[in-house]
Amino acid sequence: MKITEYCSLARYNTFGIDVTADCMVEWASADELIALLPELKRPLLMIGSGSNLLFTGNFHGTVLHSTVDGIDVIAEQGSQITVRVGSGVKWDDFVAYAVLNGWWGIENLTGIPGEVGAAAVQNIGAYGVEVKDVIDTVQTIRLSDCTRRDFSNAECGYGYRQSIFKNELKGQYAVTHVIFRLSLTPQPKLEYGALEHEVARLGGPALANIRSAVRTIRESKLPDPAVLGNAGSFFMNPVIPAAQFERLKSEFPDVVFFPADNGMVKVSAGWLIDRAGWKGRSIGPAAVYEKQALVLVNRGGATGSDIIRLADAIIKDIEEKFGITLKTEVNYI
Ligand code: EPU
């Protein structure tokens with residue numbers, strides 16, 4: 001366990017915004033957290049590695065960061081393997097471990113920054129896979145009374161970048177472990193655009209090739225937060241009713257879209273922002289990334305307010321041009 005008073009959060013958010021927390025606690029086990037909880041200054045804020053956060057000022061409470069470790073096989077039945085992973089394990093370390101061991105299911109999610117606990121809260125997704133597809137159980141502690149609770153996949157209320165932990169139960173449960181169900185037999189998912197082509201170029205759909213191909217595609221579009229502060233996609237792709245989509249498409253025939261559930265249509269927010277002329281534009285030190293309009297970047301020294309000023313200008317412009325209100329994927333703190 002590590003407790004730091006007046007801790008800089010610059011290295012705990014991938015935008016690199018330099019604010020402080022009154023107290024930062026890094027907890028390494030459920031027992032440690034339970035022992036500490038009654039003493040901690042409120043409010044509490046749980047973070048992973050801050051790859052989906054935007055701090056708008058100093059945080060006058062306690063930030064909790066899990067460093068719970070461990071990747072343990074708990075069962076093997078037929079072609080399935082069940083693995084329990086600590087919430088503080090780096091997400092991509094887990095992906096690397098799975099690929100090395102021949103476990104299928106998360107290879108398309110390689111390269112996503114962040115940690116296992118936050119991945120389960122955020123329902124991370126990329127290249128045709130969402131992490132909810134392989135989550136069996138999310139193990140937690142309730143902060144108000146230190147009780148333990150296991151959430152089955154169905155109880156997590158998963159949707160596109162959504163879970164019960166971001167909605168009804170926001171801020172109430174700390175994730176200690178996530179139990180995944182992965183496949184021991186090949187299950188390649190290569191439907192996403194350029195993936196199949198890149199995998200073929202590397203020699204076919206072996207696990208390691210899929211991981212490499214995803215990395216190559218990601219690197220061509222997404223900035224490395226260690227070099228240029230950012231939080232991946234800043235907005236979610238809006239999901240709109242079919243009738244509204246038909247009107248949009250008649251005015252903008254080249255609009256990029258994907259079918260969604262219940263007859264809804266998911267429109268590419270990157271396309272909307274790009275088409276509205278924002279790619280590469282900046283307001284002060286906050287900018288729209290040149291290669292992917294859905295990503296906002298900190299060109300150096302930006303505050304949370306600088307990023308929000310740019311985000312608000314984009315939201316307003318997209319509303320005026322397309323009649324669609326973008327929602328942020330990034331959480332403002
Ligand atoms: N597009 C443009 N201009 C742009 C960006 C995109 O025209 O500036 C169009 C292109 O036609 C492109 C299409 O939009 O082919 C889709 O773009 P991309 O493949 O980059 O995917 P995305 O919909 O913009 C989503 C996720 C990403 C994930 C990719 C790949 C969200 C909010 N974002 O982005 O996730 O990596 O798909 O599956 O759903 C993240 O959540 O932080 C993230 C990076």
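## Aromatic rings in a predicted model

F234 has 0% relative accessibility, so F234 counts as buried (under 20% relative accessible area; exposed is over 50%, partly exposed in between; 1.4 Å probe, protein chains only). This is a predicted model, where local features need pLDDT of at least 70, side-chain atom pairs count only at pLDDT 80 or more, and totals for chains, interfaces and linings use all residues. Residues are numbered from 1 along each chain as its sequence is written, and side-chain values use heavy atoms, without hydrogens and water.

Rings of Phe, Tyr and Trp (its six-membered ring) pair if their centres lie within 6.5 Å; planes under 30 degrees apart count as stacked, over 60 as edge-to-face and the rest as tilted. By this rule there are 14 aromatic pairs. Two of them are tabulated here.

| Pair | Centre distance | Plane angle | Class |
|---|---|---|---|
| F94 and F180 | 4.8 Å | 45° | tilted |
| F234 and Y332 | 6.3 Å | 50° | tilted |

F94 is in helix α2 (residues 91-101) and F180 is in strand β12 (residues 173-183), 86 residues apart. Helices (H or I, at least four residues) and strands (E, at least two) are DSSP runs, numbered from the N terminus. F94 is buried at 0%. F180 is buried at 1%.

F234 lies in the loop between β13 (229-233) and β14 (239-240). Y332 is in strand β20 (residues 331-332), so the pair ties together parts 98 residues apart in sequence. Y332 is partly exposed at 35%.
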